[in-house]
Amino acid sequence: MSRIQRSTAAAVAGLAVAALTVSAAPASTAAGPPAGAAPQAGAATAAAPRISTAFVLPGDRVYPEGIAADPRTGTMYAGSFEDGTVYRMRPGHRTAEVFLPAGADGRHTANGLKADRAGRLWVVDSSSGVAVYDARSRALLARFVVPGDGARFVNDLAVAPDGGVYLTDSSRAVVYRVTPRDLDAARGGTGTLSPRFDLGDVLEPHKPTDFTLNGIVADPTGRFLLTDDMLGGDLYRLDLATGAVRKVALSGGDVHNADGLELQDGRLWTADNVDNVLTRWRVAPDGTRARLERTLADPSLQVPTTLVRRHGTLYVVRSQFDKGGPLGDGTPQIPFTVAAVRGL
């Protein structure tokens, strides 16, 4: 880890100490909203979610963080936060293969990942920015770096319907944007990330070293983005047309410790990392409100950092960050894996 990564990880570790003591319900039960919340229709008869292993990631220090699914082929990718390896997971193959080796193109991590409809794979390096690859040839197409010399932790990214790519910075509480025009201009070279949204003045009060913005998703109609403040427990709506930022009204719970997000068909799924929890929310069409529908807590999720949904199944990264990597010391369970969660 770079010096910047270590300092950021230390801030996260302080949050994790208490959160790791949370007891988790077994996978055979799916809890509803917290006590006092209105019961959800159908909750009593809903089938319990099922957790299994979908893919095995070779290596004894993988500590995976990000996952992406190619919308054209179904091929999936996972990234190692430990050394920057990117793995490819093909349908019908249980064991992943190395797609980009550790340290490729000078990357030190591979946390946020996204495959777009143009056949490109976007790979975030938290300490520098994002690299863009041809998913077929593995060629590096361009890279974008964070401006300035201050602390940074580029974390996750989303692709909007117009092709714009938006990236969260958990240290600076900003969201960067890369437009299709920016990508064309940087082809074969390096561009600079441009802040599009600054949430520093709207987040709940926090220390300058705190870890804030994390997951981000794009509304399929192209109107807004949703991003979470994992420390404050709030979800924010970012208006793509006007640049306005507003807090989403949450009912039934919050998004404290939420890491990766997935948005499909009016529902939002979160991976709440150190809590070993997945949640499902019903989001209003305009993105201004969200209601908690279901919660799954299970220690077999092994500190889930992000997730992607395909054909009704959630594919969830089991980071094991509490066994090493950025959050702790210990002996991880080998092999590292990606879970399949059905029924949530």
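Which residues point one way from β16, which point the other way, and are they buried or exposed? The points below take up this strand and then the aromatic contacts.

1. The model is a predicted one, in which local features need pLDDT of at least 70 and side-chain atom pairs count only at pLDDT 80 or more, while totals for chains, interfaces and linings use all residues. Residues are numbered from 1 along each chain as its sequence is written, and side-chain values use heavy atoms, with hydrogens and water left out.

2. Phe224, Leu226 and Asp228 point one way from β16, Leu225, Thr227 and Asp229 point the other way, and all are buried; buried here means under 20% relative accessible area, with exposed over 50% and partly exposed in between, for a 1.4 Å probe and protein chains only. In a regular strand the side chains alternate between the two faces of the sheet. Strands are DSSP runs (E, at least two residues; helices are H or I, at least four), numbered from the N terminus.

3. On one side, β16 is joined to strand β15 (residues 213-218) by 4 bridges, and the two run antiparallel, where strands pair if DSSP finds at least two bridges between them. Val217 has Leu226 in β16 as its bridge partner. The two strands form a hairpin with 5 residues between them, and Gly222 in the turn has a positive phi of about 85 degrees.

4. Strand β17 (residues 234-239) also pairs with β16 in the antiparallel sense, over 6 bridges, and in this pairing Phe224 stands opposite Asp239. This hairpin has 4 residues between its strands, with Gly233 in the turn at a positive phi of about 80 degrees.

5. A search of the whole structure finds 6 aromatic pairs, a pair being rings of Phe, Tyr or Trp (its six-membered ring) with centres within 6.5 Å, and planes under 30 degrees apart counting as stacked, over 60 as edge-to-face and the rest as tilted. The rings of Phe55 and Tyr315 have centres 6.2 Å apart and planes at 40 degrees, so this pair is tilted. Because Phe55 lies in strand β1 (residues 50-57) and Tyr315 in strand β25 (residues 313-318), the pair ties together parts that are 260 residues apart in sequence. Both Phe55 and Tyr315 are buried.

6. The rings of Tyr77 and Phe99 have centres 5.2 Å apart and planes at 65 degrees, so this pair is edge-to-face. Tyr77 and Phe99 are both buried.
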